[in-house]
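Visitor: I would like to learn how to read the contacts in a model like this one. Where do we begin?
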Amino acid sequence: MRKSADFNYEETVAKVETIIDQIEGGELTLAEVFDRFSVALEDLQQCEAFLARGQQEMNLAIETLEDQF
């Protein structure tokens, strides 16, 4: 897994979309499908973790604002 400093959500989503297109294209061998699926799964897990961290930060910011008023 890449370090978060190297992670770019938009690029990762685009990479997953490319992998999906390749798999759906039907021109890959079964082994290539499995390999690409593994990569896409890892990328999606990184996206999920990124979004969860963002949501936690937003929730904390909202709580902080609510406490101020």
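Guide: With the aromatic rings. This is a predicted model, and the count of aromatic pairs in it comes to two, taking rings whose centres lie within 6.5 Å.

Visitor: How is such a pair described?

Guide: A pair of aromatic rings is described by the distance of the centres and the angle of the planes. For Phe7 and Phe50, the ring centres are 5.4 Å apart and the planes stand at 45°, so the pair is tilted.

Visitor: Where in the chain do Phe7 and Phe50 lie?

Guide: Phe7 is in the segment before H1, whereas Phe50 is in helix H2, so the pair ties together parts that are 43 residues apart in sequence.

Visitor: Are these two residues buried or exposed?

Guide: Relative accessibility decides that, and under 20% means buried. Phe7 has 14% and therefore counts as buried. Phe50 has a relative accessible area of 36%, so Phe50 is partly exposed.

Visitor: Which residue forms the stacked pair with Phe50?

Guide: Tyr9 does: the distance is 5.5 Å centre to centre, with 25° between the planes. This pair also links distant parts of the chain, with Tyr9 in helix H1 and Phe50 in helix H2, 41 residues apart. The C-alpha atoms of Tyr9 and Phe50 are separated by 7.6 Å. Tyr9 counts as partly exposed because its relative accessibility is 25%.

Visitor: What do the pairs amount to when taken together?

Guide: One aromatic cluster, formed by Phe7, Tyr9 and Phe50. Phe50 is in contact with Phe7 and Tyr9 once its neighbours within four places in sequence are left aside.

Visitor: How do I read the packing of the two helices?

Guide: Take the angle and the distance of the axes, then the direction. Helix H1, residues 9-25, packs against helix H2, residues 30-68, at an angle of about 150°, and the axes are 9 Å apart. Angles over 145 degrees count as roughly antiparallel, and H1 and H2 are therefore roughly antiparallel to each other. The crossing of H1 past H2 is left-handed.

Visitor: Which residues of H1 and H2 meet?

Guide: From H1 the list is Tyr9, Thr12, Val13, Lys15, Val16, Ile19, Gln22 and Ile23. They meet Val33, Arg36, Phe37, Val39, Ala40, Asp43, Leu44, Cys47, Phe50 and Leu51 in H2. Sorted by class, the contact of H1 with H2 has 13 nonpolar, two polar and three charged residues.

How values were computed: Residues are numbered from 1 along each chain as its sequence is written. This is a predicted model: local features need pLDDT of at least 70, side-chain atom pairs count only at pLDDT 80 or more; totals for chains, interfaces and linings use all residues. Side-chain values use heavy atoms; hydrogens and water are left out. Axes are lines fitted to C-alpha atoms, for helices over the stretch in contact, and angles run from 0 to 180 degrees between N-to-C directions. Helices (H or I, at least four residues) and strands (E, at least two) are DSSP runs, numbered from the N terminus. Angles under 35 degrees count as roughly parallel, over 145 as roughly antiparallel, 65 to 115 as roughly perpendicular and the rest as oblique. A crossing is left-handed if the near helix is turned anticlockwise from the far one by less than a right angle, and right-handed if clockwise. Contact means heavy atoms within 4.5 Å. Ala, Val, Leu, Ile, Met, Phe, Trp, Tyr, Cys and Pro count as nonpolar, Asp, Glu, Lys and Arg as charged, and the others, Gly among them, as polar. Rings of Phe, Tyr and Trp (its six-membered ring) pair if their centres lie within 6.5 Å; planes under 30 degrees apart count as stacked, over 60 as edge-to-face and the rest as tilted. Buried means under 20% relative accessible area, exposed over 50%, partly exposed in between (1.4 Å probe, protein chains only).
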